[in-house]
Amino acid sequence: MDTHDVSAVPQYMELLLNQKKALQNAQTRIGQNIEKRKSRDEITMQFRFRLFMGRRQGKAGSNIRTSFIPPAYSPCFRSILDLRKVMIKDLLLETHHRENYITVRSITPPDRMTAVMAIVEDENGDAIMLQLYYQEEENARSAENILGEGTVLIVKEPYLKLMSDGDYGLRIDHPSDLIYIPKNDQRIPSCWQPRVKELEVSAEHLRMQGNNYFNAFNYHAAIELYSRALKSTSEEGEAQRLKLNRSLALLKAKNFDAALADLEPMVSCPKPVEKALYRKAQALYNFQKFEECCEVLTTLRSEYPDNVEAKKELLRATKRLQEQKSGTYIFNQLYMEAAKFRPPHLDHATYTGSVAIRGSGVRGRGLFTTKAIKAGDLLFCEKAFAHAYIADDTQEASDQDNDLTLLINVERDRVTMGAQSELIRMVFQKIYKSPSFAPAIIDLHHGSYKSIGFCMVDNTPVIDTGKENRRKKFYSCGVWPLASHINHSCNSNARRAFIGDIMIVRATRDLAPNTEIEFWYHVPIAEENDDRQKKFEHWGFKCDCAMCQDDQTTKRNTLNSRKQQRAKVLQHLKAGLKANLPEIESIIVSMEKRYAQLASKVPRLHVWDLHLRLAQMYMQRREPAKAINSALKSLSSLGYVIEGGNLPRKIGTPMAIKQWGLFMDYNIECWGVLCGAYQSVAPDLAAQAVQYAKLSYRICVGEDETFEETHKGLG
């Protein structure tokens, strides 16, 4: 789903221009020292006052937050051992201090807006604002847990920026540029070491403390304590208990790779540990490795037949495996789950049986069919890699915690409203926690930005956040990696639909093997033929489909004539049943004569919907023969070639679509008109019209299980 573009709204354009001005001002300060540095007390007092006022005011209804996409920069790909230590006084404005690092300690409680923020100090006592972007959401890990007072951390290759309010701050966009320093670590400067050393505590004591944090849902603190306990024990049984506990905390924190690493020794031995098998299966399930998950659960049931949960999980994993292999879904069940869960993140598998990623010439890569496909067939069904949900319903939106974010992209002169900022954070956190997810995202197209890629440094996954910020009227949005390989064409041959975070993609026409799948990134409409190419600028391409080529080769006066004649027809149609239909038909005929290409080659955006309006009006006037004629012309204007549907006809001759055209949502209504008209003059064709309506419905919404319920009167 694409986010809602509000770039043309004056008030938001003003924000964009102001941000541009602020960036231009910041560029003039590159490499300068901080002027009129505020004292430590002044900085902390201002921050604490703002924090106090924010908490006092609380959250008053729905709110639109503003987030700016900064100029992209690469994360630190060097080990901390290869960096040189600096202090706050050494930092220069608007500069990435490559090959350096700084050690800081939080001296205020944190605040959370778009970033998690706090005032930090260095060993000299100098203070500055620290802003951590793309951190976990509050309900997964609180700001207090991320940057609580007293937190000591290392910032690799720090970036000192001039903030929009004129103050200065350290901005961290890459989570891998942070190293948290645990208590009792030798890297903590001596001036911050506690005056009284903590007494040595046993591994058992640390484990119990970890359990307390785990029960309080503070999984990161629990993981840290279990890790400390492991370093202080040499007893094999105790180490196994600690790893089992840590693996569960890692699963809860969605660190699936680390959990598997803890569990592997306990499942690869002659007598695998029961809990280890169960938790490995959970990790594999979250990676959507359902076949491996089923194998582990089968072993668990064989070794421990009394494990009731293993039986339930095996049944669930088997259903996912069937979906993954066959593309068989119960769509009514998906609807019920999407209505029930908030956010509507569904527990279902991705099916990719009919498509493959291949080279697509100058367009890079694309998605291609692997076998012959019929119109309406399922091409693939994909669960979102990440999905940021914003409720459309007003009441529901007022009840949820996620606010709308206005995302301002200065480089692309684009302002979007929705959950895109949240989506970017979700993508990075998912990869950061479990690097095995990285390949699905790292190789996607990311515009002109030259990414360094993905690797591990200091045992930490390094993800370049500049990539996703350069990717492309819904508030909710998501990333579907497989679907992201589909290239654009106004003359689409596929259609996408959504149920929760599941994308369903079906063919809109018959496709031969090795046909590239294409769908529009922006719905082609008649009124936008001049501006259609402008819509694609932020994606960085020009469309050369048959319709766009026809627009380019058609004379300007012909295009203007189409617009004028279309406007006349629309004006006539405002008269409703009193409209002069023969006059309307005459104008449409005149428009059609000026098309140089056959509609079967180039769909006619200016006339297809006019024919449909005529068909509906003829049905209202109880002239079914004329309604049939206009409805079929509507479809043929979109490129459909239909045989056996015109009047007069020989009774018993079937109707058949010989060529599918450009699919529009209103095609369902068109077949509905034909069904009603045929019932009066050619009853044997009415059932066929219903079947084509049902097939069109399946293409449009992704399934046809709800067709009869939605179109009760049809047929």
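Which residue in E23 is the bridge partner of Ile 499? The partner is Ile 502. The model shown here is predicted. Its chain has 715 residues, and 53% of them count as buried. It holds 24 helices and 26 strands. Along the principal axes, the C-alpha atoms fill a box of roughly 100 × 70 × 50 Å.

**The sheet with E15, E23 and E22**

- The bridge between Ile 499 and Ile 502 belongs to a pair of antiparallel strands, E22 and E23 (residues 502-507), which six bridges join.
- Three strands make up this open sheet, in the order E15-E23-E22, and the pairing is antiparallel.
- Strand E15 (378-383) and strand E22 (494-499) stand at the edges. Each has a single partner strand, so one side of each has no neighbour in the sheet.
- From one strand to the next, the twist averages 20 degrees.
- Helix H11 (residues 331-340) packs on this sheet and touches E22 and E23. The direction of H11 makes about 50 degrees with that of E22.
- Helix H23 packs on the sheet too, touching E22 and E23. For H23, the angle with the direction of E22 is about 70 degrees.

**The sheet with E13, E14 and E24**

- Another open sheet has three strands in the order E13-E14-E24, with antiparallel pairing.
- Its edge strands are E13 (355-359) and E24 (516-517), and each of them pairs on one side only.
- E13 and strand E14 (residues 365-369) run antiparallel and are joined by five bridges.
- Val 355 stands opposite Thr 369 of E14.

**Nonpolar cores**

- The largest nonpolar core has 81 residues. Leu 379, Phe 380, Trp 671, Leu 674 and Tyr 678 touch the most other members.
- Helix H23 (residues 683-701) supplies the largest share of this core, 10 residues.
- Leu 674 is in contact with Ile 628, Ala 631, Leu 632, Leu 635 and Ala 689, leaving aside neighbours within four places in sequence.
- A second, separate core counts 51 residues, including Ile 119, Leu 225, Ala 259 and Ala 386.

**Helices H4 and H5**

- Helix H4 (residues 203-215) packs with helix H5 (residues 219-231) at an angle of about 170 degrees. Their axes are 8 Å apart.
- That angle makes H4 roughly antiparallel to H5, because an angle over 145 degrees counts as roughly antiparallel.
- H4 brings residues including Leu 206, Tyr 213 and Phe 214 to the contact, and H5 brings residues including Tyr 219, Leu 225 and Tyr 226.
- Arg 207 in H4 and Arg 228 in H5 are also among the residues that meet.
- By type, the residues of this contact divide into 10 nonpolar, three polar and two charged.
- Phe 217 lies in the loop between H4 and H5. Its phi is near 70 degrees, a positive value in a residue other than glycine.
- Is Phe 217 buried or exposed? Phe 217 is exposed, because its relative accessible area is 60% and the cut-off for exposed is over 50%.

**Buried loop residues**

- Ala 375 sits in the loop between E14 and E15.
- Ala 375 has a relative accessible area of 8%, so it is buried; the cut-off is under 20%.
- Ala 375 touches Ala 507, Thr 508, Arg 509, Asp 510, Trp 660 and Leu 695, not counting residues up to four places away in sequence.
- Trp 480 lies in the loop between strand E21 (477-479) and E22.
- With a relative accessible area of 3%, Trp 480 is buried.
- Trp 480 and Val 523 are 43 residues apart along the chain, and their C-alpha atoms are separated by 19 Å.

**Backbone points to look at**

- The peptide bond joining Arg 342 and Pro 343 is cis, with omega about 0 degrees. Pro 343 is in the loop between H11 and E13.
- A cis peptide bond also runs from Leu 647 to Pro 648, where omega is near -5 degrees. Pro 648 is in the loop between strand E25 (641-643) and strand E26 (656-659).
- Lys 254 has a phi near 70 degrees, a positive value in a residue other than glycine. Lys 254 lies in the loop between helix H6 (236-252) and helix H7 (256-267).

Definitions and conventions. Residues are numbered from 1 along each chain as its sequence is written. This is a predicted model: local features need pLDDT of at least 70, side-chain atom pairs count only at pLDDT 80 or more; totals for chains, interfaces and linings use all residues. Side-chain values use heavy atoms; hydrogens and water are left out. A nonpolar core is a set of buried Ala, Val, Leu, Ile, Met, Phe, Trp, Tyr and Cys residues joined through side-chain atoms within 4.5 Å. Buried means under 20% relative accessible area, exposed over 50%, partly exposed in between (1.4 Å probe, protein chains only). Helices (H or I, at least four residues) and strands (E, at least two) are DSSP runs, numbered from the N terminus. Contact means heavy atoms within 4.5 Å. Axes are lines fitted to C-alpha atoms, for helices over the stretch in contact, and angles run from 0 to 180 degrees between N-to-C directions. Angles under 35 degrees count as roughly parallel, over 145 as roughly antiparallel, 65 to 115 as roughly perpendicular and the rest as oblique. Ala, Val, Leu, Ile, Met, Phe, Trp, Tyr, Cys and Pro count as nonpolar, Asp, Glu, Lys and Arg as charged, and the others, Gly among them, as polar. Two strands pair if DSSP finds at least two bridges between them.
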